[in-house]
Amino acid sequence: MWLPVLGLIIGLLLGFSTDIQIPVEYSNYLSIAVLAALDTLFGGIRANLQGIYDEKVFVSGFFFNIILAASLAFLGVHLGVDLYLAAVFAFGVRLFQNIAVIRRILLSKGSSKKQKIYFKKRE
Amino acid sequence: MGDKKKISMTVITLIIGFMTAIQFQTVNEPIIRDTRDTSQLREDLVKDKELYLSLVQEIRSNEERIEKYETERLESKEQVLKETLREFKGEAGLEKYEGPGIVINILPVSEELLLGETVEPISPYLLHALINELNRFGASEISIADQRWINISVIRDINGITKMDGFPLDRFPIEVKVAVDNMDTAEKLYNQMQVSDSAEEFFIQNFRLSFSTPQPIVSIPAYKDTIEIRNMELADTEKGG
């Protein structure tokens with residue numbers, strides 16, 4: 001459980017320490033890529049908790065979503081329509097849904113644990 | 001959570017972290033704290049002012065240059081117009097012309113004078129014939145007795161005196177100056193005139209033509225009167241075709 005968190009921290013440190021800056025006009029792409037990655041990550045966590053986690057789906061979804069989001073933003077820039085908003089919206093909704101599902105699962109898990117303890121005490 | 005799962009999860013979180021960090025850095029430009037004191041600030045201000053001044057100077061010099069070019073352009077237009085006008089004036093005969101050519105003197109035959117005969121005025125027909133001949137052999141500008149011969153010049157007999165544009169041609173010798181474009185043409189003209197019919201025609205009427213050798217510069221005066229144009233109208237330029 002702690003290994004992914006450690007990975008996140010290391011990634012953050014790496015990013016801050018390398019002092020890489022991308023041109024401002026590309027920050028849109030990166031932001032949407034981050035959003036897609038987060039969506040995939042939470043989707044993965046949810047799937048893991050639900051017991052339907054698939055390695056291939058997770059990894060391919062991660063890269064595919066990022067590329068799709070970035071290309072959508074690119075298309076939007078060239079068509080003069082803010083298409084990246086569509087991606088932001090879709091990923092945002094899914095992010096909330098995933099997190100809601102994760103919360104419920106965790107809650108139900110927590111309550112079932114409590115029940116177990118309760119039952120143990122009675123026995 | 002299996003090991004494989006953990007590793008892929010970790011890799012992905014690592015990438016997410018990295019991307020987030022970069023995005024964060026890009027969006028939030030690092031705020032540099034200004035730690036300069038008054039004197040440093042003043043120094044920087046002076047530097048910036050110098051830069052500002054030099055830029056202003058550069059702009060000004062460029063503007064001056066533009067202005068100069070602009071005036072040059074205008075002047076050149078004027079120059080072209082002036083040149084065109086001069087050219088047209090030259091073609092019309094309103095400007096003095098200097099060029100290679102020959103000088104022809106028309107003299108009465110001296111033997112006749114000895115015999116006591118009076119000199120008849122030169123006939124306009126003869127002069128016309130001479131001018132036609134000169135034109136045929138490449139004369140570009142002609143003057144007779146220092147009167148410029150132009151397209152609308154007339155030579156006619158008025159009350160027994162031959163006049164060209166109102167100027168009497170009764171004083172001998174009558175000097176006919178002929179200017180041509182270049183020295184070669186002057187040579188040709190000279191040779192042609194030596195064997196022309198005009199000399200004979202003149203001789204029949206008791207005049208003798210003496211030709212000077214081609215001269216590098218013959219000065220033809222400008223037409224002195226104003227040119228009156230009565231039967232000409234401005235052409236309609238729009239319907240040109």
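**Close-up views of a predicted two-chain model**

Figure 1. B:E78 and B:K82 both belong to helix 2 (residues 38-92) of chain B, where they are 4 residues apart, about one turn of the helix. The model shown here and in the other views is predicted. The side chains of B:E78 and B:K82 meet in a salt bridge, with an N to O distance of 3.6 Å. B:E78 is partly exposed, its relative accessible area being 44%. B:K82 also counts as partly exposed, at 45% relative accessibility. Side chains of opposite charge can pair when their charged atoms come close. Over all chains, a search of the whole structure finds 6 salt bridges.

Figure 2. The side chains of A:R94 and A:D39 form a salt bridge at 2.9 Å, N to O. A:R94 lies in helix 4 (residues 84-122) of chain A and A:D39 in helix 2 of chain A, so the pair ties together parts that are 55 residues apart in sequence. A:D39 has a relative accessibility of 1%; because this is under 20%, A:D39 counts as buried. A:R94 has a relative accessible area of 40% and is therefore partly exposed, as this value falls between the cut-offs of 20% and 50%.

**Figure 3. Buried salt bridge of B:R148 and B:E141.** The closest N and O atoms of B:R148 and B:E141 are 2.6 Å apart, and the two residues form a salt bridge. Both B:R148 and B:E141 are buried.

Figure 4. A:L72 is found in helix 3 of chain A, which covers residues 55-79. Leaving aside residues up to four places away in sequence, A:L72 touches A:L83, A:A86 and A:A87. The C-alpha atoms of A:L72 and A:I32 are 9.6 Å apart in space, while the two residues are 40 residues apart in sequence. A:L72 has a relative accessible area of 29% and is partly exposed.

**Figure 5. Interface of chain A and chain B.** In this interface, 35 residues of chain A are in contact with 24 residues of chain B. The area buried between the two chains is about 2800 Å², and carbon and sulfur atoms give 76% of this area. A:P4, A:F16 and A:Q21 supply 17% of the area that chain A buries against chain B, more than any other three residues. Helix 1 (2-18), helix 2 (27-50) and helix 3 of chain A each supply at least two residues of the side of chain A that touches chain B. The count of salt bridges between chain A and chain B is 0. Across the interface there are 7 residue pairs in polar contact, with both residues of each pair at pLDDT 80 or more.

**Figure 6. Three-stranded sheet of chain B and the helix packed on it.** The sheet is open, has 3 strands in the order 4-5-6 and is paired in the antiparallel sense. Strand 4 (155-158) and strand 6 (167-168) of chain B are the edge strands, each pairing on one side only. Helix 4 (residues 124-136) of chain B packs on the sheet and touches strand 4 and strand 5 of chain B. The direction of helix 4 of chain B makes about 175° with that of strand 4 of chain B. Strands of a sheet pair through backbone hydrogen bonds, either parallel or antiparallel.

Figure 7. Strand 4 of chain B pairs with strand 5 (residues 161-164) of chain B in the antiparallel sense over 4 bridges. B:I158 stands opposite B:I161 in strand 5 of chain B, and B:D157 stands opposite B:T162 in strand 5 of chain B. The hairpin has 2 residues between the strands, and B:N159 takes a positive phi near 50°.

**Figure 8. Strand 5 of chain B, its two faces and its pairing with strand 6.** The covered face of strand 5 of chain B has B:T162 and B:M164, and the uncovered face has B:I161 and B:K163. In a regular strand the side chains alternate between the two faces of the sheet. Strand 5 and strand 6 of chain B pair in the antiparallel sense over 2 bridges. The bridge partner of B:K163 in strand 6 of chain B is B:P168. These two strands form a hairpin with 2 residues between them, and B:D165 in the turn has a positive phi of about 50°.

Methods. Residues are numbered from 1 along each chain as its sequence is written. Chains are lettered from A and ligands numbered from 1 in the order in which they are written. This is a predicted model: local features need pLDDT of at least 70, side-chain atom pairs count only at pLDDT 80 or more; totals for chains, interfaces and linings use all residues. Side-chain values use heavy atoms; hydrogens and water are left out. Two strands pair if DSSP finds at least two bridges between them. Contact means heavy atoms within 4.5 Å. Axes are lines fitted to C-alpha atoms, for helices over the stretch in contact, and angles run from 0 to 180 degrees between N-to-C directions. Buried means under 20% relative accessible area, exposed over 50%, partly exposed in between (1.4 Å probe, protein chains only). Buried area is the accessible area (1.4 Å probe) that two parts lose on being put together, summed over both. A salt bridge is a side-chain nitrogen of Lys or Arg within 4 Å of a carboxyl oxygen of Asp or Glu. A polar contact is a pair of N or O atoms within 3.5 Å; within protein, one must be able to donate a hydrogen and the other to accept it, and residues adjacent in sequence count only if both atoms are side-chain atoms.
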